[in-house]
Amino acid sequence: MIINHPLLGPRDAAEFIYKGDASLIDRPDGMAEGALAAFDAYLHLRDNPAGLHRELWYHEQGDRSWLVVTRNTLTHEITRVELARDVARAQGRGR
Amino acid sequence: MQYSAWRIFTQALKGNSGWKPVWRDPDPKPEYDIVIIGGGGHGLATAYYLSKVFGQHKVAVLEKGWIGSGNVGRNTTIIRSNYLLDGNQPFYEFSMKLWEGLEQDFNYNAMVSQRGVLNLFHSDAQRDAYVRRGNAMLMSGADAVLLDRARLRAMCPFLDFDNARFPIHGALWQPRAGTVRHDAVAWGYARGADQNGVDIVQNCEVTGLLVQNGRCDGVETTRGTIRAKKVAVCVAGSSSRVMAMAGLRLPIESHVLQAFVSEGLKPVIPGVITFGAGHFYVSQSNKGGLVFGGDIDGYNSYAQRGNMATVEDVCEGGMGIMPMIGRARLLRMWGGIMDMSMDGSPFIDRTPIDGLYFNGGWCYGGFKATPASGYCYAHLLARDAPHEVARAYRLDRFARGAPIDEKGVGAQPNLH
């Protein structure tokens, strides 16, 4: 697979480490009510779709940026690559 | 029809005109006591033990394609019971004991071959870990032998003992482990279940689960609605897709695992050899091909094929430990979808929905578990209580802080 890095251009997926579903960006608030159940779901439960999947890849053998890659799990086709920090900021995260 | 040497002899005299299809091809009935979704090894084994041991005969197995067309027909055929943790090892040893009696039990030649599994070690620390694992195996009633370098060299002189990065110091050996003809397992269980009255319905895809007021009453299929008192999901690889029909999310990611076969060679490898440090394992099929594999690719996939980086990694592992493999040509390779769970261990459990049961999360180790998985799932379905050796395989074990994490890497499925 080739991941089209937003800053570095097309890179071999072997340069990256795979983390998992991009919803892992949305870490629950540990001080909120029901945090225990929220963290259980956050850590352990996954949508695991067959089709489009937004997922986190870490460019370990490159610029060490985190990317959000939209990839089809049925075909391995990659349709969108974003910097994870842009995705997080767009969701209102401070950093 | 009972198979025997006498039957082969008499059929030979009759020009083999008396052999019959091994299972029926029935249309689904409108209602069953138990409907099993998934005609793979585990689903068919569940049906077999339900009908044979637990007295359940109104049972159907629904299969989207043809039986045995999933992972039971695309694995590397290894059976073993060399786990460490309490939640796992008694279960896998139970499975090994069922393998040992399986062919006589279901009267079908599954070519169970106890040719032994070797786990190589490369350092003092790794040897200590394998001594501990061997002791856990012995305590569960399994067999384990620690081989030093000299004994291992006598058994496998072709290994690269003086490899600079991974010098081989010895191995943990389970002599009772080995390989089984994987397709024959599906066929043998199907035949046995069919003889006990189970309907095996092929080309029947489940398109919906009938869930009302927290109860599952049956399934919608491409061949009509089928009502059931109990619905047993057994579709490892696609577990999340099927359970999503009931609105449930699972502690599972689907990943691709690749496997490889070389051209046929004369006998060169005595049993199964695993190189855990580099993640490569190999055995030789009865046809002579070297059957080998390694790590999963490491990303979510339902594509049933992998990428080149993993092919290279597996072949490097092979060359690292067994340089002679470089002389063999790769004949074919393929990929299968694995239910990778959050702790690397499986589930055999009820769900929050009454009448809906779940079996899955087998990671890349489901084949060896087939008999025990079927037996324990049948026990759960028939008696609504877990079998003694499968008590730990609960869906809520993460919330309770009781994962069964053999590798100790946490809730990161691609590391298990």
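Is Ser345(B) buried or exposed? Ser345(B) counts as buried, because its relative accessibility is 0% (buried means under 20% relative accessible area, exposed over 50%, partly exposed in between, with a 1.4 Å probe and protein chains only).

Ground rules, before I go on. I'm reading a predicted model, where local features need pLDDT of at least 70 and side-chain atom pairs count only at pLDDT 80 or more, while totals for chains, interfaces and linings use all residues. Residues are numbered from 1 along each chain as its sequence is written, chains are lettered from A and ligands numbered from 1 in the order in which they are written, and side-chain values use heavy atoms, with hydrogens and water left out.

**Two loop residues in chain B**

I found Ser345(B) in the loop between S16 and strand S17 (347–350) of chain B (helices, H or I with at least four residues, and strands, E with at least two, are DSSP runs numbered from the N terminus). Setting aside neighbours within four places in sequence, I listed Asn88(B), Gly361(B), Cys363(B), Arg397(B) and Ile404(B) as its contacts (contact means heavy atoms within 4.5 Å).

Next I looked at Ala142(B), in the loop between H4 and S5 of chain B. Ala142(B) is buried too, with a relative accessible area of 7%. I noted that Ala142(B) touches Ser81(B), Gln89(B), Glu93(B), Met137(B), Gln174(B) and Arg176(B), again not counting residues up to four places away in sequence. From Ala142(B) to Ala177(B) I count 35 residues in sequence and 9.7 Å in space, C-alpha to C-alpha.

**Helices around H9(B)**

Two packed helices are described by the angle between their axes and the distance between the axes. Helix H2 (residues 41–52) of chain B packs against helix H9 (residues 370–383) of chain B at about 55°, and the axes are 7 Å apart (axes are lines fitted to C-alpha atoms, for helices over the stretch in contact, and angles run from 0 to 180 degrees between N-to-C directions). That makes H2(B) oblique to H9(B) (under 35 degrees is roughly parallel, over 145 roughly antiparallel, 65 to 115 roughly perpendicular, and the rest oblique).

On the H2(B) side I wrote down Gly41(B), His42(B), Ala45(B), Thr46(B), Tyr49(B) and Leu50(B); the H9(B) side includes Tyr375(B), Ala378(B) and Leu381(B). This contact of H2(B) with H9(B) holds 9 nonpolar, 6 polar and no charged residues (Ala, Val, Leu, Ile, Met, Phe, Trp, Tyr, Cys and Pro count as nonpolar, Asp, Glu, Lys and Arg as charged, and the others, Gly among them, as polar).

Then I checked helix H3 (residues 89–106) of chain B, whose axis comes within 7 Å of that of H9(B) and crosses at roughly 105°. H3(B) and H9(B) are therefore roughly perpendicular to each other. H3(B) brings Phe91(B), Phe94(B), Ser95(B), Leu98(B) and Trp99(B) to the contact. By class, I have 8 nonpolar, 3 polar and no charged residues for H3(B) with H9(B).

**The sheet in chain B**

I traced an open sheet of 8 strands with mixed pairing, in the order S5-S6-S4-S13-S14-S15-S12-S16 (chain B) (two strands pair if DSSP finds at least two bridges between them). Strand S5 (145–148) and strand S16 (330–341) of chain B each have a single partner strand, so one side of each has no neighbour in the sheet. The twist averages 25° from one strand to the next.

Within it, strand S14 (residues 280–284) and strand S15 (residues 289–300) of chain B pair in the antiparallel sense over 5 bridges. I marked Leu290(B) in S15(B) as the bridge partner of Gln284(B). Helix H4 (residues 124–139) of chain B packs on the sheet, at about 150° to the direction of S4(B). Helix H8 (residues 308–321) of chain B lies across several strands, S12 and S16 among them, and runs at about 135° to S15(B).

**Chain A, briefly**

Chain A has 2 helices and 6 strands, and I read its elements from the N terminus as β-β-β-α-β-β-β-α. Of its 95 residues, 43% are buried. I also found an open sheet of 4 strands here, ordered S3-S4-S5-S6 (chain A) with antiparallel pairing. Its edge strands are S3 (17–21) and S6 (78–83) of chain A. Last entry: Asp21(A) stands opposite Glu55(A) in S4(A).
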